[in-house]
Amino acid sequence: MSLSKEQKAAFDINLEKWTKNNECLICGNVKWAVQDDIFMLSNLKATRIYPVVCIVCGECGYSHMFSAVIAGIKSDFKHNTNDD
Ligand SMILES: [Zn+2]
């Protein structure tokens, strides 16, 4: 699933909440790219999945993931879709 323009803009606004040092832990770069897709993390049994938005350091590729639900991008998502 890709981020719509509105979702990407909303996430960019969300990143403005980044009040701590936003330098990359690896290379010190401060330019981050929001990826166009919403990714899914799952537990090993694939019984729980979590939508995440990824930002990538423009210099070295180090990445951060943010919950798409908490970021307000995927508010209709239910975390637990299967029984354990
Ligand atoms: Zn970096």
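**Entry: basis**

I noted that this is a predicted model, in which local features need pLDDT of at least 70, side-chain atom pairs count only at pLDDT 80 or more, and totals for chains, interfaces and linings use all residues. Residues are numbered from 1 along each chain as its sequence is written.

**Entry: confidence**

I read pLDDT as the predictor's confidence in each residue, from 0 to 100. The mean for the protein is 84, and 90% of its residues reach 70 or more. Confidence is lowest in α1, at a mean of 79, and highest in β2, at 93.

**Entry: elements and extent**

I listed 1 helix and 3 strands, running α-β-β-β from the N terminus on. Helices (H or I, at least four residues) and strands (E, at least two) are DSSP runs, numbered from the N terminus. I found that the C-alpha atoms fill a box of roughly 40 × 30 × 20 Å along the principal axes.

**Entry: the sheet**

I traced an open sheet of 3 strands in the order β1-β2-β3, with antiparallel pairing. Its edge strands are β1 (32-42) and β3 (63-67), each of which pairs on one side only. The twist averages 30 degrees from one strand to the next; axes are lines fitted to C-alpha atoms, for helices over the stretch in contact, and angles run from 0 to 180 degrees between N-to-C directions. I took two strands as paired if DSSP finds at least two bridges between them.

I then went through the pairs. β1 and β2 are joined antiparallel over 8 bridges. Across this pair, methionine 40 stands opposite proline 51 in β2, and valine 34 stands opposite isoleucine 55 in β2.

Strand β2 (residues 49-57) is also antiparallel to β3, over 5 bridges. Here isoleucine 55 faces histidine 64 in β3, while valine 53 stands opposite phenylalanine 66 in β3. I also recorded the hairpin of β2 and β3, with 5 residues between them, where glycine 61 in the turn has a positive phi of about 90 degrees.

**Entry: lysine 5**

Is lysine 5 buried or exposed? I placed lysine 5 in helix α1 (residues 5-15). Lysine 5 counts as exposed because 7 other C-beta atoms lie within 10 Å. The classes are buried at 20 or more other C-beta atoms within 10 Å of a residue's own, exposed at 12 or fewer, and partly exposed in between, with C-beta atoms placed from the backbone. I also checked its C-alpha separation from aspartate 36, 31 residues apart along the chain, and found 9.2 Å.

**Entry: burial and contacts**

I noted that buried residues make up 11% of the 84 residues. Among contacts (C-beta atoms, placed from the backbone, within 7 Å) between residues at least 6 apart in sequence, 51% join residues at least 24 apart.

Technical notes. Two residues are in contact if their C-beta atoms, placed from the backbone, lie within 7 Å.
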